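Subject: Handing over the two-chain model

Dear colleague,

My notes come after it, and I would be glad if you checked them against the model.

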Amino acid sequence: MVDWPKAIHDGRGKAVFIVPEKIRDDQLDALAKIFTGQLKAMPWEILGTTYEVAGLVKADIEVTDAGMESSLQVPGVAKAMGQTFKNPVTGEPHQAAIVLEDGFIWKRGECGVGSFKVDAADLHLDYKNTNWILYDFDWSN
Amino acid sequence: MDSWKLKLEHVIACNCDWGCPCIYESRPTPGYCEGVVAWKVLEGGIEGFDLSGAAWVTAVKWPGAIHEGNGRATVYIDEPVTAQQRPLLEALATGRAGGPLKAFMGTCDAGIEVRSGRVSWKFDGKQSSLRVDGVVEIDLEAIRNPVTGDEHFVSVDLATGLMNQREDFYSARQLKVGADHIEFE
C-alpha cells in the first residue's frame, strides 16, 4: 500500500507492506530486498527509491481472482474491488487496455474502475470509483 | 443511403491531459471538451462514388462531457472535391450517413456548420501535423518521460470502441483553432 504526495517520480512516498501471517523470515527478507530495489531489478530499483517503508503488517490476504471484477481483502486492514467501465449512455461494459511497448512495470494493462480502503499502520486511504488496472507482469534481475 | 464501409485515418487533438479521459468513460480534464477531430478516407466509397483521399476536419466544443451533448461544430471539407463527392462527405461528416459518426456527431446538437477548407494532412506518428488553411493548426510530438526525457509511447486497445479499436497517443505540441464560432489555443 503506497501513498505518494505528488507524482510518483517526485518521490517522498510512504509504503506499508502487507504479508501473509505465515511468511517465513527468509521469504520476508527476499521480498523486502526486491521491493526496496536492493536486488537491482526493474521496476523496483526505480520504484523502491520513490518511497520509504513506513510499516509491515502480517495478516491474512484473500484474493478473489475474477479478471476485472477481482477483489482483495485483508480483514480490518485493506479491501479493494474492481469492475469494468460502463458506457455512460448505454450502460454496456466498455473495454480499454493500455499498451506500453517500453513499459518498465507492465506492457499491457486492462483498465477499469476500482474502489479501495486502507487502514494499515499509519496509512489511511479511501477512494471510490477511481483508476483500476489489471496486468500480468514479468519481473527479473 | 446504401450501406457503406470505409477505411479511414483519424486524428484527435483536444484540451485534456495526455491519454484522453473519454476513452475510459471519464469526464474531460477541465470539465469541458474542445478540440479537433479529423478523418481521411483511405479506401471505400458510398453509393458507387469512390471517396479515397477525401478528408474533413471538425472543430468542436462541448460544454461538458461529449455524451452530454450540446456541442457546437464547424466541419471543413477538404477541397477540391467533385460535385458527387461533396454531399456524400457532408452526410458522413455530420452523421447523417449513419455509422459511428451518427452517434458521435449527434452530440453536436447546438449546431453543425459545414464549410470548405484546404487541408494539409501528415499522418506519421509523432511527426503528424494537420492544417486547415487559416483556421486549424495542429502539430504532434512524442510524450516524454518526465525523469529521463526519453520518448514514451502509449497505445490503447478499445475492444468496444465507438470510432476505432486502437489509438496511439502523442502530445499536441500545438493546437490552435480560429474558426468564426470556435476559437481556442
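What follows is a description of the two chains and of where they meet.

Please bear in mind throughout that this is a predicted model.

**Chain B as a whole**

Chain B contains 2 helices and 15 strands, and its C-alpha trace spans about 55 × 35 × 30 Å along the principal axes. A compact globule of 185 residues would have a radius of gyration near 16 Å, and the 16 Å found for chain B agrees with that. Of the 185 residues in this chain, 32% are buried. When contacts in chain B between residues at least 6 apart in sequence are considered, 57% of them join residues at least 24 apart.

If neighbours within four places in sequence are left aside, the contacts of Trp56(B) are Ala38(B), Trp39(B), Val75(B), Tyr76(B), Ile77(B), Asp78(B), Leu89(B) and Ala93(B).

An α-helix has 3.6 residues a turn, so residues three or four places apart point the same way. Just after H1(B) comes Gly95(B), which takes a positive phi of about 95°.

**A sheet and a loop in chain B**

Chain B also has an open sheet of 5 strands in the order S7-S8-S9-S14-S15, with antiparallel pairing. Strands S7 (119-122) and S15 (183-184) of chain B stand at its edges with a single partner strand each, so one side of each is left without a neighbour in the sheet. Within this sheet, S8 (residues 129-132) and S9 (residues 136-141) of chain B pair in the antiparallel sense over 4 bridges, and Ser129(B) has Asp139(B) in S9(B) as its bridge partner.

Asn145(B) is found in the loop between strands S10 (143-144) and S11 (151-152) of chain B. With 13 other C-beta atoms within 10 Å, Asn145(B) is partly exposed. Not counting residues up to four places away in sequence, Asn145(B) touches Asp150(B) and His152(B).

**Strands of chain A**

In chain A, 3 strands form an open sheet in the order S1-S2-S3, and the pairing is mixed. The edge strands are S1 (2-3) and S3 (51-58) of chain A, each of which pairs on one side only. Strand S2(A), residues 13-19, runs parallel to S3(A) and is joined to it by 7 bridges, with Gly55(A) in S3(A) as the bridge partner of Val16(A).

The strands S5(A) and S6(A) run antiparallel and are joined by 4 bridges, and Met81(A) in S6(A) is the bridge partner of Ser71(A).

**Where the chains meet**

The contact takes 16 residues from chain A and 15 residues from chain B. On the side of chain A that touches chain B, strands S7 (85-86) and S9 (96-99) of chain A are the elements that give two or more residues, and S9(A) gives the most, with 4 residues. The residues on this side divide into 9 nonpolar, 4 polar and 3 charged. S9(A) also pairs across the contact: 3 bridges join it to strand S12 (residues 154-157) of chain B, and the two run antiparallel. In this pairing Val99(A) stands opposite Ser155(B).

With best wishes

How values were computed: Residues are numbered from 1 along each chain as its sequence is written. Chains are lettered from A and ligands numbered from 1 in the order in which they are written. This is a predicted model: local features need pLDDT of at least 70, side-chain atom pairs count only at pLDDT 80 or more; totals for chains, interfaces and linings use all residues. The radius of gyration is taken over C-alpha atoms; the globule rule is 2.2 Å times the number of residues to the power 0.38. A residue is buried if 20 or more other C-beta atoms lie within 10 Å of its own, exposed if 12 or fewer, and partly exposed in between; C-beta atoms are placed from the backbone. Two residues are in contact if their C-beta atoms, placed from the backbone, lie within 7 Å. Two strands pair if DSSP finds at least two bridges between them. Ala, Val, Leu, Ile, Met, Phe, Trp, Tyr, Cys and Pro count as nonpolar, Asp, Glu, Lys and Arg as charged, and the others, Gly among them, as polar.
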